[in-house]
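This report is for a reader meeting the structure for the first time. Please look over the sequence and the model before reading on.

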Amino acid sequence: NDMNEALHKRQFEIYLQPKCRLSTGEIVGAEALVRWKHPTRGILLPGAFVPLFERNGFIMKMDVYVWEQVCALIRSWMDRYGGKPPLSVSMNISRVDIYNATLVSILCQLAERYGVPRRYMELEITESAYTEDPKLLSERIAALRSEGFTVEMDDFGSAYSSLNMLKEIQVDLLKLDMHFLYGSDPDGRGGTILSSIVRMARYLSLPIVAEGVETMEQARFLDSIGCTLGQGFLYYRPMPVS
């Protein structure tokens, strides 16, 4: 009931979660995440509203709003730092967005409106989107990459189709699902699988960002197997832009 008013009153706000170099903790990029600053319910996390917006179709409106906020932010950085922003920012593309025929033109128009080089606008597409219409998705990703956008496969390893999709669809970066290292794993299989994925990605010349890094032990292990970038509570939680 509140979603349209929230968009009109700019209650959706981007938070940034930095991506860091595992060996030094240096910030090398960031992911834009949305928060709903609801006037009576307080700050709502995406899990409270994104699934609903995906079902009722509102997600596209909210995503375009978020993408525009990111472009405005990058533009402000460019103005402040002599034309080159200190970071690229990745933005989430939902399954619903993929089915919108105007997706590519919307992103191109935003880049042109704010004068933002497209290499600074990275697009994260969750792996679950890869299972629904691989042909359409492949066409969208090819179109986005041809326009100069960097495309990341998010949540890699969270579904059964990962390797097949990686064979069929060209992306620029993998975001690794760290759930391999959670829970009971007496035989150390999770670590072996992670090591194999990192090795495979290096053969394919695909950079990897490990998502959900929470302990120094995880960071050291990832660094030891050749993964150079990480994102998670060990380094920074999502935070307001300021």
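## Basis of the model

The model is predicted, and local features need pLDDT of at least 70, side-chain atom pairs count only at pLDDT 80 or more, and totals for chains, interfaces and linings use all residues. Residues are numbered from 1 along each chain as its sequence is written, and side-chain values use heavy atoms, with hydrogens and water left out.

Helices (H or I, at least four residues) and strands (E, at least two) are DSSP runs, numbered from the N terminus.

## Helices α3 and α5

Helix α3 (residues 59–80) packs against helix α5 (residues 103–114) at an angle of about 25°, and their axes are 9 Å apart. Axes are lines fitted to C-alpha atoms, for helices over the stretch in contact, and angles run from 0 to 180 degrees between N-to-C directions. The two helices α3 and α5 are therefore roughly parallel (an angle under 35 degrees).

From α3, the contact (heavy atoms within 4.5 Å) takes in Met60, Val64, Trp67, Glu68, Cys71, Ala72 and Arg75, and from α5 Leu103, Ile106, Leu107, Leu110, Arg113 and Tyr114. Ten of these residues are nonpolar, none is polar and three are charged. Here Ala, Val, Leu, Ile, Met, Phe, Trp, Tyr, Cys and Pro count as nonpolar, Asp, Glu, Lys and Arg as charged, and the others, Gly among them, as polar.

## Helices α5 and α6

α5 also packs with helix α6 (residues 134–146), at an angle of about 20° and with axes 10 Å apart. That makes α5 roughly parallel to α6.

Leu103, Val104 and Leu107 of α5 meet Arg140, Ala143 and Leu144 of α6. This contact has five nonpolar residues, no polar ones and one charged.

## The largest pocket

The largest pocket holds about 970 Å³ of space. On a 1 Å grid over the protein atoms alone, a pocket is an open set of points where a 1.4 Å probe fits, with protein on both sides within 12 Å along at least five of seven lines; lining residues have an atom within 4 Å of a point. Grid points are joined across faces, edges and corners, and a volume is the space filled by probe spheres set on the points.

Its lining has 39 residues, and Glu31, Leu33, Asn92, Asp154 and Glu211 are the closest to the centre. α3 gives the largest share, five residues. By class, the lining has 19 nonpolar, ten polar and ten charged residues.

## The second largest pocket

The second largest pocket has a volume of about 230 Å³. Among its lining residues are Asn1, Trp36, His38, Arg41 and Phe53. β2 and α2 each supply at least two residues of this lining.

How values were computed
Parallel < 35°, antiparallel > 145°, perpendicular 65-115°, else oblique.
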